[in-house]
Amino acid sequence: MVNGARSVAVVSLVLLILGASPPAPADQREDKAETEEVSLPPTLITEGATPATEVEGTFTISRSRTETAYGFGVSSLRYAPLPSFGIKLVVPVGVRDPRDSEPTVAGMGDVSVMLKYAPLLLPAQQFALAGGVALTFPTGSERRDLGGQLAVAPFLAVGKRLGPFSLQADIGYRWQLNRPRPIEPEEEGAEAVRTHKAHGVTANLTGTYSSLRWLDVLLELNTVTLLHRGEPLSERVQLYLTPGVSVEPAAGWNLRAGIHVPVTSAREVDWSLIVILTKGF
């Protein structure tokens, strides 16, 4: 729990630092009319602070000690009827290929709906602060390890552009609401093992450098801290780095890719490849 608390404290401090943007000079305030919106570059894992209307497709490959997992398809639909409010629908589809003799399984995962509200949008300072909640529904098969969780996850997100550089961060807490199914015993006649509800903290920080109008170079720092009992990684901070690039091949389109790699011994995956294609409207 100490490590988890430290992670939360560090990210909270980062959020405060990012939020403490200095007042804009007079000439910048006069040019406010020329800057109509907060423009922040897209990220790979970090949740952005600005709602948007777009369709997003994702392809991922993840490798762990026990399996190789693939994810693909239309990963999310976002709709922002107002600049400060947005809705996001995520429909995941995955394939699990165990490294032992178990069969490969595929199917839909847990569908989620996210509501995001940005009460603070400052175009002149290119600063945004948002909060929201994501609701996950148990549409995936729990028996085949494709999901099966009913969960709620409130979060905060912040972003600030500094010329060609930008910083974005988020922090969230996820609770599982339904009780997991018992684990069937390997020995006949033994009692099934009841597992605890999953919950934990996630925190992410992204730095982006826009070297060209159509090209961004980004680096993400991602953390996960599981807190539920019975989990081998409980109360151990998992730290990952995700370097990547983002390009705009045409107006309204964005293609980005990155490699997600752990830097701590506490890890759920050995590496992941993430490719995201977005069409904005």
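A salt bridge is a side-chain nitrogen of Lys or Arg within 4 Å of a carboxyl oxygen of Asp or Glu. Arg96 and Glu67 form one, with their closest N and O atoms 2.8 Å apart. Arg96 lies in strand β5 (residues 93-98) and Glu67 in strand β2 (residues 67-72), so the pair ties together parts that are 29 residues apart in sequence. Both Arg96 and Glu67 are buried, where buried means under 20% relative accessible area, exposed means over 50%, and partly exposed is in between (1.4 Å probe, protein chains only).

The structure is a predicted model, in which local features need pLDDT of at least 70, side-chain atom pairs count only at pLDDT 80 or more, and totals for chains, interfaces and linings use all residues. Residues are numbered from 1 along each chain as its sequence is written, and side-chain values use heavy atoms, with hydrogens and water left out.

**The chain as a whole**

The protein chain has two helices and 15 strands. Helices (H or I, at least four residues) and strands (E, at least two) are DSSP runs, numbered from the N terminus. Buried residues make up 40% of the 281 residues in the protein chain. The average pLDDT (the predictor's confidence in each residue, from 0 to 100) is 86, and 83% of the residues score at least 70. Over residues 1-35 the pLDDT is below 50, and this stretch has 36 contacts beyond near neighbours in sequence in the model. A contact means heavy atoms within 4.5 Å. Among contacts in the protein chain with a separation of 6 or more, 57% are between residues 24 or more positions apart.

**Salt bridges**

Side chains of opposite charge can pair when their charged atoms come close. A search of the whole structure finds nine salt bridges. The table lists some of them.

| Pair | Closest N and O atoms |
|---|---|
| Glu47 and Arg78 | 3.7 Å |
| Glu56 and Arg256 | 2.9 Å |
| Arg96 and Glu67 | 2.8 Å |

In the salt bridge of Glu47 with Arg78, Glu47 sits in the loop between α2 (26-30) and β1 (54-63), while Arg78 is in strand β3 (residues 74-82), 31 residues apart. Glu47 counts as buried because its relative accessible area is 11%. Arg78 counts as buried because its relative accessibility is 17%.

In the salt bridge of Glu56 with Arg256, Glu56 is in strand β1 and Arg256 in strand β14 (residues 253-262), 200 residues apart. Both of these residues are buried.

**Paired strands**

Two strands pair if DSSP finds at least two bridges between them. Strands β7 (residues 112-122) and β8 (residues 127-136) run antiparallel and are joined by nine bridges. Met114 has Ala134 in β8 as its bridge partner. The two strands form a hairpin with four residues between them, and Gln126 in the turn has a positive phi of about 50°. Ten bridges join β8 to strand β9 (residues 151-162), and this pair also runs antiparallel. Here Phe127 has Lys160 in β9 as its bridge partner.

**Surface**

The accessible surface of the protein chain comes to about 15,300 Å², and 62% of it belongs to carbon and sulfur atoms. Accessible areas come from the Shrake-Rupley method with a 1.4 Å probe, and for residues only the protein chains shown count as cover.

Which residues form a nonpolar patch on the surface? They are Leu162, Phe165, Leu167, Tyr209, Val217 and Val245, with about 500 Å² of accessible area together. Patches are made of residues with over 30% relative accessible area and no salt bridge; like charges are joined within 9 Å, and nonpolar side chains (Val, Leu, Ile, Met, Phe, Trp, Tyr) within 5 Å. Phe165 is in strand β10 (residues 165-176). Phe165 counts as partly exposed because its relative accessible area is 48%.
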